[in-house]
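Welcome, and thanks for taking a look at this one with us. Here is a short briefing, grouped by topic, to read alongside the structure.

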Amino acid sequence: MRRSNLMPEVNAGSMADIAFLLLIFFLVTATISSDEGINRMLPSECPPGIDCTNPINERNILRIVINNNDEIMLGKDIVSIEEVKDIAKNFIDNNGDGSCTYCNGNKVLSASDSPKEAVVSLQNGQQTSYKQYVAVQNELTKAYYELRNTYSEKVLKKPSDKLSKEELKKAKNAYPFILLEAEIK
């Protein structure tokens with residue numbers, strides 16, 4: 001009987017192909033979680049030797065507080081998340097000093113002078129949930145979006161999705177998003 005020194009081998013040439021196909025399959029079928037985030041442009045740094053603080057008239061500040069129980073407070077009143085957008089729109093578009101020619105506000109003495117002067121102050125407690133914080137930010141963003149959309153339709157005579165870069169800049173300058181954020185200590 002004759003024995004061969006050759007050992008039987010398994011053809012492993014297609015193993016790399018199979019591994020590659022499995023990798024592609026798992027990449028295509030796996031769900032990748034998307035984190036919620038807030039897209040904001042940070043202010044530029046103040047040049048040295050220049051005072052960059054501007055005194056803000058108290059009537060131009062809309063103070064929103066999210067407490068540790070996720071309750072939204074304006075002053076001493078608790079409001080629902082659904083009310084935030086309309087309250088912010090009415091405050092920003094108030095035209096208290098009559099200088100805004102495109103504003104539709106009621107000129108209430110306790111609200112902002114003009115959209116360029118309006119500041120939204122958002123404070124949150126240490127136990128405030130991220131979900132509630134993002135929900136309030138979304139409502140504020142909706143308020144500014146709706147105000148800018150109204151401006152583009154009435155003043156620029158175009159829907160907001162048809163604006164050029166220059167016209168979009170005009171809409172953003174008409175209703176600048178000025179937000180102060182702080183944590184309650």
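The model you are looking at is predicted. Lysine 107 belongs to the loop between α2 and β4, and its phi is positive, about 55°, although the residue is not a glycine.

**The loop between α2 and β4**

- Asparagine 95 sits in the loop between α2 and β4, and it too has a positive phi, near 65°, in a residue other than glycine.
- Is asparagine 95 buried or exposed? Asparagine 95 is buried, with a relative accessible area of 5%.
- Aspartate 113 is another residue of the loop between α2 and β4, and it is buried at a relative accessible area of 13%.
- Which residues does aspartate 113 touch, leaving aside its neighbours within four places in sequence? Its contacts are Asn57, Arg59, Asn60, Asn95, Gly96 and Asp97.

**Helix α2**

- Helix α2 covers residues 81–92, and its twelve residues should span 16 Å at 1.5 Å a residue; the C-alpha atoms at its ends are 17 Å apart, which agrees.
- The buried residues of α2 are Val84, Lys85, Ala88, Phe91 and Ile92.
- As background, an α-helix has 3.6 residues a turn, so residues three or four places apart point the same way.
- Glu82 and Asn90 are exposed on the other side of α2.
- What do the buried residues of α2 pack against? Their partners are the strands β1 (61–66), β2 (72–74), β3 (77–79) and β4 (119–124), together with the helix α3 (130–154).

**Helix α4**

- Helix α4 runs over residues 165–174, and its buried residues are Glu167, Ala171 and Ala174.
- Viewed down the axis of α4, these buried residues fall within an arc of 65°, so they line one face of the helix.
- Lys165, Glu166 and Lys169 are exposed on the face of α4 turned away from the buried side.
- The buried residues of α4 pack against α3, a helix that the buried residues of α2 also pack against.

**Salt bridges**

- How many salt bridges does the structure hold? There are six, and the pairs described here are among them.
- As a reminder, side chains of opposite charge can pair when their charged atoms come close.
- Glutamate 146 and lysine 89 form a salt bridge whose closest N and O atoms are 2.7 Å apart.
- Glutamate 146 lies in helix α3 and lysine 89 in helix α2, so this pair ties together parts that are 57 residues apart in sequence.
- Both partners count as partly exposed: glutamate 146 has a relative accessible area of 26%, and lysine 89 has 22%.
- Lys85 joins Lys89 and Glu146 in a network of salt bridges, and Lys85 is also one of the buried residues of α2.
- Glutamate 167 forms a salt bridge with lysine 158, with 2.9 Å between the closest N and O atoms.
- In that pair, glutamate 167 is buried at a relative accessible area of 16%, whereas lysine 158 is partly exposed at 30%.
- Arginine 63 pairs with glutamate 58 in a salt bridge, the closest N and O atoms being 3.0 Å apart.
- Arginine 63 is partly exposed at 39% relative accessibility, and glutamate 58 is partly exposed at 48%.

**Helix α1 and the segment before it**

- Phe20, Leu21, Leu23, Ile24, Leu27 and Val28 make a nonpolar surface patch of about 640 Å².
- Isoleucine 24, one of the patch residues, lies in helix α1, which covers residues 15–29.
- Isoleucine 24 counts as partly exposed, at 37% relative accessibility.
- Glutamate 9 lies in the segment before α1 and is exposed, with a relative accessible area of 75%.
- How far apart are the C-alpha atoms of glutamate 9 and aspartate 86? They are separated by 75 Å, and the two residues are 77 residues apart along the chain.

Definitions and conventions
Residues are numbered from 1 along each chain as its sequence is written. This is a predicted model: local features need pLDDT of at least 70, side-chain atom pairs count only at pLDDT 80 or more; totals for chains, interfaces and linings use all residues. Side-chain values use heavy atoms; hydrogens and water are left out. Patches are made of residues with over 30% relative accessible area and no salt bridge: like charges are joined within 9 Å, nonpolar side chains (Val, Leu, Ile, Met, Phe, Trp, Tyr) within 5 Å. Accessible areas come from the Shrake-Rupley method with a 1.4 Å probe; for residues, only the protein chains shown count as cover. A salt bridge is a side-chain nitrogen of Lys or Arg within 4 Å of a carboxyl oxygen of Asp or Glu. Helices (H or I, at least four residues) and strands (E, at least two) are DSSP runs, numbered from the N terminus. Buried means under 20% relative accessible area, exposed over 50%, partly exposed in between (1.4 Å probe, protein chains only). The expected span of a helix is 1.5 Å times one less than its number of residues. Contact means heavy atoms within 4.5 Å. The arc is that of the directions from the helix axis to the C-beta atoms.
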